[in-house]
Amino acid sequence: MSENHGSRSTGESSDARNETTLERADRNFSEILQELRVTQAGVQILFAFLLTLAFTERFPSLDTVQRTTYVTTLLLAVLSAALFTAPAAVHRSLFGQHSKPRIVRVSSRLAGIGMVVLVFALAGSVLLVVDVAVGRTGGIIASAGTLVVCAGLWGLLPVLVRGAGRDRDPESDTGASDDVRPSGPR
């Protein structure tokens, strides 16, 4: 999978790891793919669950709000799956064109947007299931709780960890970067 076009002799070393820009791009892309494998499995399970709901005996008894929640959540799950698989398609279409750093940046943005969409798909699923099982108020509370937990774990926690790392790691102020940072949602 490596598309390494640089060499250390060119003086292109990009960080304290003594990697060229392209070696770092290869490593970062590999890391993104590992992250996407985890999230993609979860999205596939969620999508399969949502697909089966439409064929249950109870589905015809759903009210308009529940059906709207179902369709919206199903579409959000599809969109997140598309966003999580897009990096592979981008890589495949640009493979061999010396575009790895650009592929990494685009893939990172796609993954970040996919995580945001996934949060809403999870919250919608919780809303639907708890609404049917307990009632609308319980569904809204559980869905809001899901949004808060995901925002905390996926948004706030990385910010706190990054801040704690800067406090303890004097090299973090040198500008050496381990990753290509997305400019979109994190």
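Contact means heavy atoms within 4.5 Å. The structure is a predicted model, in which local features need pLDDT of at least 70 and side-chain atom pairs count only at pLDDT 80 or more, while totals for chains, interfaces and linings use all residues. Residues are numbered from 1 along each chain as its sequence is written, and side-chain values use heavy atoms, with hydrogens and water left out.

## Overall fold

The protein chain has 4 helices and 0 strands, where helices (H or I, at least four residues) and strands (E, at least two) are DSSP runs numbered from the N terminus. Along the sequence the pattern reads α-α-α-α. Among contacts between residues at least 6 apart in sequence, 68% join residues at least 24 apart.

The protein chain exposes about 10,800 Å², and carbon and sulfur atoms supply 64% of this area. Accessible areas come from the Shrake-Rupley method with a 1.4 Å probe; for residues, only the protein chains shown count as cover. Of the 186 residues, 34% count as buried. Buried means under 20% relative accessible area, exposed means over 50%, and partly exposed lies in between (1.4 Å probe, protein chains only).

## Nonpolar core

A nonpolar core is a set of buried Ala, Val, Leu, Ile, Met, Phe, Trp, Tyr and Cys residues joined through side-chain atoms within 4.5 Å. The largest one has 22 residues, of which Leu-46, Leu-50 and Tyr-70 touch the most other members. H1, helix H2 (64-94) and H3 each supply at least two residues of this core. The largest share, 9 residues, comes from H1. In soluble globular proteins, nonpolar side chains tend to be buried together.

Thr-73 lies in helix H2 and counts as buried because its relative accessibility is 2%. Leaving out residues up to four places away, Thr-73 is in contact with Leu-50, Ala-121, Gly-124 and Ser-125.

## Salt bridges

The structure holds 4 salt bridges, a salt bridge being a side-chain nitrogen of Lys or Arg within 4 Å of a carboxyl oxygen of Asp or Glu. One of them joins Arg-136 and Asp-131, at 2.9 Å from N to O. Salt bridges that share partners join Glu-19, Arg-27 and Glu-31 into one network.

Arg-27 and Glu-31 both lie in helix H1 (residues 21-53), 4 residues apart, about one turn of the helix. Glu-19 and Arg-27 are both buried. Arg-27 is classed as buried because its relative accessible area is 14%, whereas Glu-31 is partly exposed because its value is 32%.

Asp-131 is found in helix H3 (residues 100-133). Its relative accessibility is 8%, so Asp-131 counts as buried. Arg-136, its salt-bridge partner, is partly exposed, with a relative accessible area of 30%. The side chains of Asp-131 and Arg-136 also make a polar contact at 2.9 Å. A polar contact is a pair of N or O atoms within 3.5 Å; within protein, one must be able to donate a hydrogen and the other to accept it, and residues adjacent in sequence count only if both atoms are side-chain atoms. Not counting residues up to four places away in sequence, Asp-131 touches Gln-66, Val-126, Arg-136 and Gly-139. Asp-131 and Gln-66 are 65 residues apart along the chain, with their C-alpha atoms separated by 7.7 Å.

Leu-127 is also placed in helix H3 and is buried, at 19% relative accessibility. Leaving aside neighbours within four places in sequence, Leu-127 is in contact with Thr-69, Gly-139, Ile-140 and Ser-143. Leu-127 and Gln-66 are 61 residues apart in sequence and 8.6 Å apart in space, C-alpha to C-alpha.

## Nonpolar surface patch

Val-149, Leu-153, Leu-157 and Val-161 make a nonpolar surface patch of about 350 Å². Patches are made of residues with over 30% relative accessible area and no salt bridge: like charges are joined within 9 Å, nonpolar side chains (Val, Leu, Ile, Met, Phe, Trp, Tyr) within 5 Å. Leu-157 is in helix H4 (residues 136-168). Leu-157 is partly exposed, with a relative accessible area of 40%.
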